[in-house]
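This briefing is meant to be read beside the sequence and the three-dimensional view. It begins with one residue and its surroundings, and then takes up the chain as a whole and several further sites.

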Amino acid sequence: MVLRGNRGFGYVRLDWFTPDGLGTWGDGRLFILGTKGYIEVRKYTNVAVGKQGNNLFIVDDKQSRYIDCNNVTLPFGPQFVADIVNRTHTAQDQEQALLCAELVITAQKNAKVVHLDA
C-alpha cells in the first residue's frame, strides 16, 4: 500500500509467507526510512546471523549501529494492563486513544484506489 501526504510518500508492506529456511515462523520487521538514514527492527530473528530476536539497526550518514534490545525495559505493556485494572491513564490517555481511532476512520474513509498504467 502506498501512502501520500502533503509532504511525502510512504508505504506499508505485508509479507505473509515464511520460507522454510528461515528457522522461525514469521519475520517481523519494521523499517523507518528517512533522507539521512533508516532504522530497522527485526523482531524474531537476525537472518543468517542468529536466531535471537529483538534486534535494532540504525544507519545514518556517519555510521551503522546495532543494539541488542533483549534486556531493554518496555514499560507500555505493563502500564497498559495497570491502566485497565486501576482505571488510570498512564500508558495512554483516553484522548489519545480516541484521536487514534478517529485518524484510522478518517484515513479509511478518505483512502482512494490508485490504478497504475502498465
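**Briefing on the predicted chain**

Leaving out residues up to four places away in sequence, F9 touches L3 and R4, where contact means heavy atoms within 4.5 Å. This is a predicted model, in which local features need pLDDT of at least 70 and side-chain atom pairs count only at pLDDT 80 or more, whereas totals for chains, interfaces and linings use all residues. Residues are numbered from 1 along each chain as its sequence is written, and side-chain values use heavy atoms, with hydrogens and water left out.

**Overall architecture**

- The chain has two helices and six strands, helices (H or I, at least four residues) and strands (E, at least two) being DSSP runs numbered from the N terminus.
- Read from the N terminus, the elements follow the order β-β-β-β-β-β-α-α.
- The radius of gyration of the chain is 19 Å, well over the 13 Å that the globule rule gives for 118 residues, so the chain is more spread out than a compact globule; the radius is taken over C-alpha atoms, and the rule is 2.2 Å times the number of residues to the power 0.38.
- Along its principal axes, the C-alpha trace of the chain spans about 50 × 45 × 35 Å.
- Of the contacts in the chain between residues at least 6 apart in sequence, 4% join residues at least 24 apart.

**Surface and charge**

- Buried residues make up 11% of the 118 residues in the chain, where buried means under 20% relative accessible area, exposed over 50%, and partly exposed in between (1.4 Å probe, protein chains only).
- The chain exposes about 10800 Å², of which carbon and sulfur atoms supply 59%; accessible areas come from the Shrake-Rupley method with a 1.4 Å probe, and for residues only the protein chains shown count as cover.
- The mean positions of the 13 positive and 12 negative charges of the chain are 3 Å apart, with Lys and Arg counted as positive, Asp and Glu as negative, and His and the chain ends not counted. The place of a charge is taken as NZ of Lys, CZ of Arg, CG of Asp or CD of Glu.

**F9 in strand β2**

- F9 has its place in strand β2, which covers residues 8-11, and F9 is exposed, with a relative accessible area of 69%.
- Between the C-alpha atoms of F9 and N54, which are 45 residues apart along the chain, the separation is 27 Å.

**N55 and its surroundings**

- N55 is found in strand β5 (residues 55-60) and is buried, its relative accessible area being 1%.
- The side chain of N55 makes a polar contact with the side chain of Y66 at 2.6 Å, a polar contact being a pair of N or O atoms within 3.5 Å; within protein, one must be able to donate a hydrogen and the other to accept it, and residues adjacent in sequence count only if both atoms are side-chain atoms.
- The side chain of N55 also reaches the backbone oxygen of Q52 at 2.9 Å.
- Not counting residues up to four places away in sequence, N55 touches E40, V41, R42, T45, N46, Y66 and I67.

**The loop between β4 and β5**

- N46 is found in the loop between β4 (37-42) and β5, where N46 is buried at a relative accessible area of 15%; residues up to four places away in sequence aside, N46 touches Q52, N55 and F57.
- Q52 lies in the loop between β4 and β5 and counts as partly exposed at 38% relative accessibility, and the side chain of Q52 makes a polar contact with the side chain of D68 at 3.1 Å.
- The C-alpha atoms of Q52 and R42, ten residues apart along the chain, are separated by 9.5 Å.
- A48, found in the loop between β4 and β5, has a positive phi of about 65° although it is not a glycine, and A48 counts as exposed at 86% relative accessibility.

- A82 lies in helix α1 and is partly exposed, with a relative accessible area of 27%.
- Leaving aside neighbours within four places in sequence, A82 is in contact with R87 and T88.
- R87 is found in the loop between α1 (76-86) and α2 (94-110); phi of R87 is near 55°, a positive value in a residue other than glycine, and R87 is exposed, with a relative accessible area of 76%.
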